[in-house]
Amino acid sequence: MRLTLKFNADILDWPKVPVAQVYGRLTRVNGLLLEAVGCQLGTGDRCHIECRDKQLVEAEVVGFYKDTLCLMPIEAASGLMPGARVMPIEGRCLIPSGLGILGRVLDGLGQPLDGLGCIKHLPHVPLQHKPTNPLMRKAIEEPLDVGIRAINALLPIGRGQRLGLFAGSGVGKSVLLGMMTRFTEADVVVVGLIGERGREVKEFIDESLGEEGRKRAVVIAAPADTTPLMRMRAMRLCHHIAATYRDQGKQVLLLVDSLTRYAQAQREIALSLGEPPATKGYPPSAFAQLPSLVEMAGNGQHPTGTLTAFYTVLTEGDDQQDPIADSARAILDGHIVLSRKLAEKGHFPAIDIGASVSRLATKVASEETLKQGQWFRHLNSRYNEVKDLLPLGGYQAGHDPEMDMAVSAYPKMAEFLRQSTNSQADHAHSITALAQLVSNMGYSL
């Protein structure tokens, strides 16, 4: 009689020892793009490349051609050699999550930049975020107080809305973003400083956030001197962290500076892969990435959690028809345009009320407030028709009573729109101030 014994190694739960280390070889370096053969990796997978000094550089697969993988380093790489070993990294990219990262400054990999030590004893979750069912999203019905009088009264914003700050360089986008950081009511503030000057990171943390603001904030920084892949990962990371807090029922404010630098990073990667430029040097993939990114923001399925997002958009040469600005305007829930002419006059925040719009104003503001705002806009528009004639004496009063009212009321209108960086105007005060102002400007029910 013969007994057959079956051995099941899984029952003993022995550790799995790899039979061999599989690695490929680096064959070519072409600008930002690295080419390797011999690895079984897919797009989005990560690997380590061994440099001359035995240091390992992390890279990501961004494409392939036949058996050749197209890699891009996540951090600046030096000392790469022909035939360098390319070793796959097993598992998905995990990032820290939870309230323990509040007050920290991280890079695009989730590693701390603030010198406060490693982030330990926190849950780590995959960077990939599952898209939200559009039919399950919470409706935007509650107004958001951003502490800026011109926006609260004339451009009402709701919790869960996504807006863009459109302006050229040096007009005050970052300053306005800092004011919103300090004044907006939110449980958690997530700040993404993507592709901007390195000195602005510390300035924003010390001056805009401050000690109190930093306790409820998470800052993700990838300055202009980082690789394009790091900038893209940093942008995805700040959206993922913000969405995680939203799904936990928090009131989240996401501030990103800037959306244009993210598109430029995608342009660098796409052009390196040989994708043809389409509109003003931007390949089609640069425009395809924007909707998938923006859709990560906004409200989710949680009954109390909200995620309001503000993106700065750089309009090169103050051209509002810049391709990225035009694409962002189409996918966002409103846009706030900053005027260089107003900034040159010392009018801050330099918000061009006539060119700005909030698409959800009718859902979060009363009908009376909307009518008062329309009358304010109307008189402001009438004044802009003749403002160039006033210094030349080309406008004579008495021919158009409405125009005369607009000219006489403009100083008070400009005073209403101005606000110092350290003063806060709450929502109730802004609505009351608007009602008092338009009552003296010929407004009637």
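**Exercise 1. Determine where D114 is found and which residues surround D114.**

Solution. D114 belongs to the loop between β8 and β9 (124-126); strands here are DSSP runs (E, at least two residues), numbered from the N terminus. The model is a predicted one, in which local features need pLDDT of at least 70 and side-chain atom pairs count only at pLDDT 80 or more, whereas totals for chains, interfaces and linings use all residues. Residues are numbered from 1 along each chain as its sequence is written, and side-chain values use heavy atoms, with hydrogens and water left out.

Step 1. List the contacts (heavy atoms within 4.5 Å). Leaving aside residues up to four places away in sequence, D114 touches G103, R104, V105 and R214.

Step 2. Examine the polar contacts, that is, pairs of N or O atoms within 3.5 Å; within protein, one must be able to donate a hydrogen and the other to accept it, and residues adjacent in sequence count only if both atoms are side-chain atoms. The side chains of D114 and R104 are joined by such a contact of 2.8 Å.

**Exercise 2. State the strand order of the open sheet and identify the strands at its edges.**

Solution. Step 1. The order of the eight strands is β8-β12-β11-β13-β14-β10-β15-β16, with mixed pairing; two strands pair if DSSP finds at least two bridges between them.

Step 1. β8 (105-106) and β16 (357-358) stand at the edges; each has a single partner strand, so one side of each is left without a neighbour in the sheet.

Step 2. Strands β13 (residues 251-257) and β14 (residues 306-314) run parallel and are joined by six bridges. The bridge partner of L255 in β14 is F310.

**Exercise 3. Describe the interface of domain 1 and domain 2.**

Solution. Step 1. The domain assignment, which is automatic or from a database, gives domain 1 (24-88), domain 2 (94-364) and domain 3 (369-441).

Step 1. About 1000 Å² is buried between domain 1 and domain 2, 71% of it from carbon and sulfur atoms; buried area is the accessible area (1.4 Å probe) that two parts lose on being put together, summed over both. In domain 1, L32, M72 and I74 lose the most area to domain 2, together 47% of what that side buries.

Step 2. One salt bridge (a side-chain nitrogen of Lys or Arg within 4 Å of a carboxyl oxygen of Asp or Glu) is found across this interface. E60 forms a salt bridge with R233, with 2.9 Å between the closest N and O atoms.

Note on methods: Helices (H or I, at least four residues) and strands (E, at least two) are DSSP runs, numbered from the N terminus.
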